[in-house]
Amino acid sequence: MGSREQLIERSIPFLREVKDMTPSAAMERWLNETYGEESALYQDLARLIKMGVEEGWAANQEVEGPNYRRSRILEPVPETFQFSITAVYMNSADPRRFKDDDDHDVLRGQYHGHPYGELNLVVPLDKGAQLKGLQGWQGPGWTAPDPGSRHYPEVRGGAVIALFYLPAGRISYDFKVPA
């Protein structure tokens with residue numbers, strides 16, 4: 001079994017456990033307490049998604065250059081309780097970065113919304129790299145944007161892989177960007 005299939009198989013028991021939960025700040029806390037960086041689940045998924053990027057089957061489609069890439073790994077299927085699996089690679093070393101209020105280099109991705117929320121495993125490739133979640137900056141661990149939430153994905157401190165699970169595969173880029 002290849003690493004892609006291993007990642008999907010490793011995700012299924014997790015998705016079975018969370019399939020009836022609602023993404024939220026409370027769920028994000030639970031995910032980080034239950035399946036944080038030291039957990040076997042986090043370590044397995046992080047290892048497999050890193051392999052996927054290295055092997056070229058994950059986050060292999062450029063969105064806006066080589067430092068912002070994504071790919072759908074699996075469409076929603078009954079085996080994953082209708083969750084899709086997607087990977088995004090973002091690296092704040094990109095020439096399009098900007099400085100945040102704390103003078104960190106930040107790369108901002110495409111504005112989008114989560115009709116049903118999102119479960120997002122954050123895997124830093126560089127020490128100190130973080131992804132901005134709705135509850136603030138997250139290093140190794142999880143974010144869980146609420147249903148109906150909208151945001152720009154942002155990274156700082158280097159490269160991050162975000163492995164995310166979308167209920168019903170729903171994500172939308174059809175929103176007016178806030179002024």
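1. Leaving out residues up to four places away in sequence, Trp142 touches Phe14, Glu28, Leu31, Asn32, Tyr35, Leu41, Tyr42, Leu45, Asn120, Leu121 and Tyr165. The model is a predicted one, and the points below should be read as a description of that model.

2. Trp142 also belongs to the largest nonpolar core, which has 34 residues. The members that touch the most other members are Phe14, Ile49, Ile73, Leu119, Trp142, Leu163 and Tyr165. At least two core residues come from each of helix 1 (3–18), helix 2 (25–34), helix 3 (40–55), strand 2, strand 3 (83–91), strand 7 (119–124) and strand 13 (159–167). Helix 3 gives the largest share, seven residues. In soluble globular proteins, nonpolar side chains tend to be buried together.

3. Ser71 is found in strand 2, which covers residues 68–74. Is Ser71 buried or exposed? Its relative accessible area is 3%, and buried means under 20%, so Ser71 counts as buried. A polar atom of the Ser71 side chain lies 2.8 Å from the backbone nitrogen of Ala59. Not counting residues up to four places away in sequence, Ser71 is in contact with Trp57, Ala58, Ala59, Asn60, Gln61, Thr86 and Ala87.

4. Another part to look at is an open sheet of five strands, paired antiparallel in the order 4-5-12-8-9. Strand 4 (98–99) and strand 9 (136–138) are at the edges. Each of these two has a single partner strand, so one side of each has no neighbour in the sheet.

5. Within this sheet, strand 5 (residues 105–108) pairs with strand 12 (residues 154–156) in the antiparallel sense, over three bridges. Arg108 stands opposite Glu154 of strand 12.

6. Which residues does Trp137 contact, leaving aside its neighbours within four places in sequence? They are Asp100, Val106, Gln130, Leu131, Lys132, Glu154, Val155 and Arg156. Glu154, in that list, is also the residue that Arg108 stands opposite. Asp102 is 35 residues away from Trp137 along the chain, and their C-alpha atoms are separated by 12 Å.

Methods:
Residues are numbered from 1 along each chain as its sequence is written. This is a predicted model: local features need pLDDT of at least 70, side-chain atom pairs count only at pLDDT 80 or more; totals for chains, interfaces and linings use all residues. Side-chain values use heavy atoms; hydrogens and water are left out. Two strands pair if DSSP finds at least two bridges between them. Helices (H or I, at least four residues) and strands (E, at least two) are DSSP runs, numbered from the N terminus. Contact means heavy atoms within 4.5 Å. Buried means under 20% relative accessible area, exposed over 50%, partly exposed in between (1.4 Å probe, protein chains only). A polar contact is a pair of N or O atoms within 3.5 Å; within protein, one must be able to donate a hydrogen and the other to accept it, and residues adjacent in sequence count only if both atoms are side-chain atoms. A nonpolar core is a set of buried Ala, Val, Leu, Ile, Met, Phe, Trp, Tyr and Cys residues joined through side-chain atoms within 4.5 Å.
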